[in-house]
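Subject: Handover of a structure and findings

Dear colleague,

Please find below the structure I am handing over to you. The findings follow directly after it.

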Amino acid sequence: MEWCSLIKDMNKIVLSLLLFVSAPVFAQRLPDNVLPEHYKLGITPSFSDDSFSGTEAIQVRVVKPTSTITLNSLELELREVTVTADGKTQPATVKLEPEKEIAVLTVPQSLPAGRAEIHLQFSGKLNKQLRGLYLSQANNGKYAVTQFEATDARRAFPSFDEPAMKATFDITLVVDKGDTAISNTKVASDVPGPGAGKHSIKFATTPKMSTYLVALLVGDFECVSGSADGIPIRVCATPGKAEMGRFALQAAEQQLAWFNRYFGIPYPFGKLDLIALPDFEAGAMENIGAITYRETYLLIDDKTASVEARRDVATVTSHEIAHQWFGDLVTMAWWDNIWLNEGFATWMEYKPVKDWKPEWNVGTDEVQDTAVALNTDSLLSTRAIRAKADTPSQIDEMFDGIAYQKSAAVLRMLENYVGKEAFRNGVRAYLRKHSYGNATAEDFWGAIAQASGKPVDRIMPTFVTQSGVPLVRVQASCKANNTEVKLSQQRYFYDRERFNAGSPELWQVPVCMKAAAGGQATCRLLTKKEDTFSLPGCSDSVYANSGGEGYYRVGYEPGMLRDIAAKAVSELSPEERVALLTDEWAAVRVGLHPISSYMLLAESLKQDRNRAVLETLTERLQYIDEYLVSDGDRPRFQAWVRELLRPAMQDVGWDSRPGESDDRKVVRAKLFYALGETGDDPDVQARARELVERYLRGSDAVEPSLAGAAFKVVATHGDAELQHKMVDKMLAAKTPEQAAYYRSALVRFRNPELLRRVLELSMTPKVRSQDTPRLISGVMENPAGREVAWDFMKANWPAIEEKLGYAVSRVITGISHICDPGLRDDVNRFFSQQRVPSAERKLKLSIESANYCIDLRNQQQPRLAAWLKEHSTAAGE
Ligand code: BES
Ligand code: ZN
């Protein structure tokens, strides 16, 4: 008895210790007894000393009488803080708690329930960390710009910095005479002063909005203008670059009108600006009415831009404009549901583009995106779409492939299941109901369930609150003019032991099937571990992810796979072929099928000329080359790759033809790259050298997609002289796209000395901190650079942290390519000491990936070798 109660006591102690230790995690949330209604905000940046100062009045509602008000504030100095209520103004004392990112204001006399107004002055530094209100520089000009998502508005002004604490804003920016300012709404007035050489730009009152969507941009901007459905649209950039915004402007015009129709709610924010910033951490940010971008995603030179660059600009713009409704008008109540923002925008981004540029065939991009999510979701350390996130670092980590690609894939599956019309009606109802407010996952699927009358609220939780992905196995047989299909589900893991052991998860999976010989799709809801369905028509093989629209993997019996593969090019859509390749690789990874089965599938796609199929296939071949082919087997593998891809290359031809499709240009570039790299094709390599020489001499005649591929091929075999030239060109690049070409080629050299130079360059002021992570992780992705990059990271970690600040987690991306036990252990050791809070999950996932990669190699390398040997004799090599 004694012991027992002692143990109980100890449990209590341990429990309270745990609570104590994790207390700051919970303390991050603001109390809900004081809620903001309106901010009056005036900010004056000062470029002479890179600082800013502000005045602020916040009208709040006191819910319960209190003498303290807690709001978020970080790296700000607060002065002259008073609180007025009931006609009485009291001075407030300020206690800053930087570790909680809050300021606690205390007044002598308790505030009654009802309205109150906080007044204060504040000041801070324009930082170089690309977060909060930060400093950006270009052509001797200085800019003060913002990036607030997720939790950095608090670095620019004291605020109730939580997405559900929506309020209206009156914003005034005081700027130098030659400068201008952009914010979320239209300019209401622009008057001289205060003081000489300044003017004050006041913006129209915003609708109710979350703090993370506020944008403040000060500096010398130039814009090009247009409009859609009466909404003025501008694309703005630093002087001399605005003309490169014409393409994005056209895209935005089409997209805004498109979304107006889809949502049935006219664009609610009065004007829309798209602004390219010279320094920007993410890709783009959906601030209300003032979307910010890194230059590569907004500015292209219409004469020289590649198809890929155009596609990127169009889809990024579409993504951010979709957010104006999904995210901005209706916002998730807390960051645990960030998928309501990012999953939706990712799911929607291709929709207007499909109508605008049908020739791009972006439908397949969706299936390729799904593959990204499937990959993460096959790891043990994956997470559910909705997952707890409390601290700023945890919140940062939520912006991952699960929030984006998995959520988008699940939404697409759902849309397909309930029908496009019913889905859109549900979306409209959801948006109408929560406009200018916040919503949860349940609000969303409730709306779709109601609009469709289908059990959406039973299906969705199995995909949103449960992590991982189901593998659906299929058996089919013909029974009296019908097809009897037996389906079973189990969670898919790359971890073979876990996979073989089975696991208890159960999904409600809408499975859409069609006979391998083509025909109509039939969908059935698989709700049990195993079930049998009868499909009309007679067939022994069934393709079980019609349109590639499902979020699940499919496992076929070997015989059925052969059947499907044989008819794939003629009977399956490109989306389905992409999904098939992804599924088959997954089957190989867990040992359900031998690797030869993937190689045979590849061969059966020899006639395939589809851009996405070839992309998916050639990327896999590159992976196989890198990780599974031994040096001794490499010549055989390369010969096989050449034989597989050369006919396609011949078909599309070396040179683009007048009037050829955009896809064909990309196909040529992909094949060219795959042959030059993975196939080690000397003809392609010679041709690549020629193209690069022409390009470096300034010829516009080189087709840009092909030029990008040629650069990468040439760099692989390049010497110091070439590298010098490329660095010079990069630093003098006239378009963001060209600079990006050089950056992605520079990391591909093989000579360690040359790679070290790239790494060193990435740390100098010549390279903007926004571009540093991609250079470092680029070298890390290069098999010849992995060790070099890792040694460099270890040796220079403090400097990297210094240069990148919070963005340091982005250099960790390259680590996911490790497939070597020694390196894996070293990385693990290093980061167990050198903690990176915003990359904890990423690190875990990377280490796990490395483990499976090592396991896969041990498993499959000898089998692949045997297959290649057999095969090359047959092919007469
Ligand atoms: N809301 C995000 C930007 C963001 C991401 C802010 C992470 C803070 C943390 C924006 O809508 C977005 O998703 N941007 C993408 C580009 C997009 C087209 C996929 C990005 O920045 O990578
Ligand atoms: Zn987004």
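In which strand is the place of Ser123? Ser123 belongs to strand β8, which covers residues 114-125. Please bear in mind throughout that this is a predicted model.

**Ser123**

Ser123 has a relative accessibility of 17% and therefore counts as buried, since the limit for that class is under 20%. Its side chain makes a polar contact with the side chain of Arg79, at 3.2 Å. When neighbours within four places in sequence are left aside, the residues in contact with Ser123 are Phe52, Ser53, Glu75, Leu76, Glu77 and Arg79.

**Ligand 1**

Ligand 1 is surrounded by 14 residues, of which Glu149, Gly283, Glu286, Glu342 and Tyr404 are the closest. For Glu320, a polar side-chain atom lies 2.8 Å from an oxygen atom of ligand 1. On its own, ligand 1 has 510 Å² of accessible area, and the protein covers 81% of it. Two or more residues of the shell are given by each of the elements β19 (284-285) and α3 (307-325). The largest share, four residues, comes from α3. By residue class, the shell around ligand 1 comprises six nonpolar, four polar and four charged residues.

**Disulfides**

A disulfide is a covalent bond between the sulfur atoms of two cysteines. The count in this model comes to four disulfides. With the bonded cysteines of the protein chain numbered in sequence order, the pairing reads 1-2, 3-6, 4-5, 7-8.

Cys223 is joined to Cys236, with an S to S distance of 2.2 Å. The torsion about this S-S bond is about 100°, so the disulfide is right-handed. Because Cys223 lies in strand β16 (residues 222-228) and Cys236 in strand β17 (residues 231-237), the pair ties together parts that are 13 residues apart in sequence. Cys223 counts as partly exposed at 29% relative accessibility, whereas Cys236 is buried, with a relative accessible area of 0%.

Cys478 is joined to Cys538, with an S to S distance of 1.8 Å. Here the torsion about the S-S bond is about -125°, so the disulfide is left-handed. The bond links distant parts of the chain, 60 residues apart: Cys478 is in strand β23 (residues 470-479), and Cys538 is in the loop between β27 (530-536) and β28 (542-543). Cys478, at 31% relative accessibility, counts as partly exposed; Cys538 is partly exposed too, with a relative accessible area of 45%.

Cys512 and Cys523 form a disulfide with their sulfur atoms 2.1 Å apart. Its torsion is about 105°, so this disulfide is right-handed. Cys512 is in strand β25 (residues 509-515) and Cys523 in strand β26 (residues 522-526), 11 residues apart. Cys512 counts as buried at 6% relative accessibility, while Cys523 is partly exposed at 36%.

Yours sincerely

Technical notes. Residues numbered from 1 in each chain as written. Chains lettered and ligands numbered in written order. Predicted model: local features only at pLDDT ≥ 70, side-chain atom pairs only at ≥ 80, totals over all residues. Heavy atoms only, no water. Buried < 20%, exposed > 50% of the residue type's maximum accessible area, 1.4 Å probe, protein only. Polar contact = N/O pair within 3.5 Å; in protein donor to acceptor, adjacent residues only side chain to side chain. Contact = heavy atoms within 4.5 Å. Near = heavy atom within 4 Å. Areas by Shrake-Rupley, 256 points an atom, 1.4 Å probe, with all protein chains shown as cover. Nonpolar A, V, L, I, M, F, W, Y, C, P; charged D, E, K, R; others polar. Disulfide = S-S within 2.5 Å.
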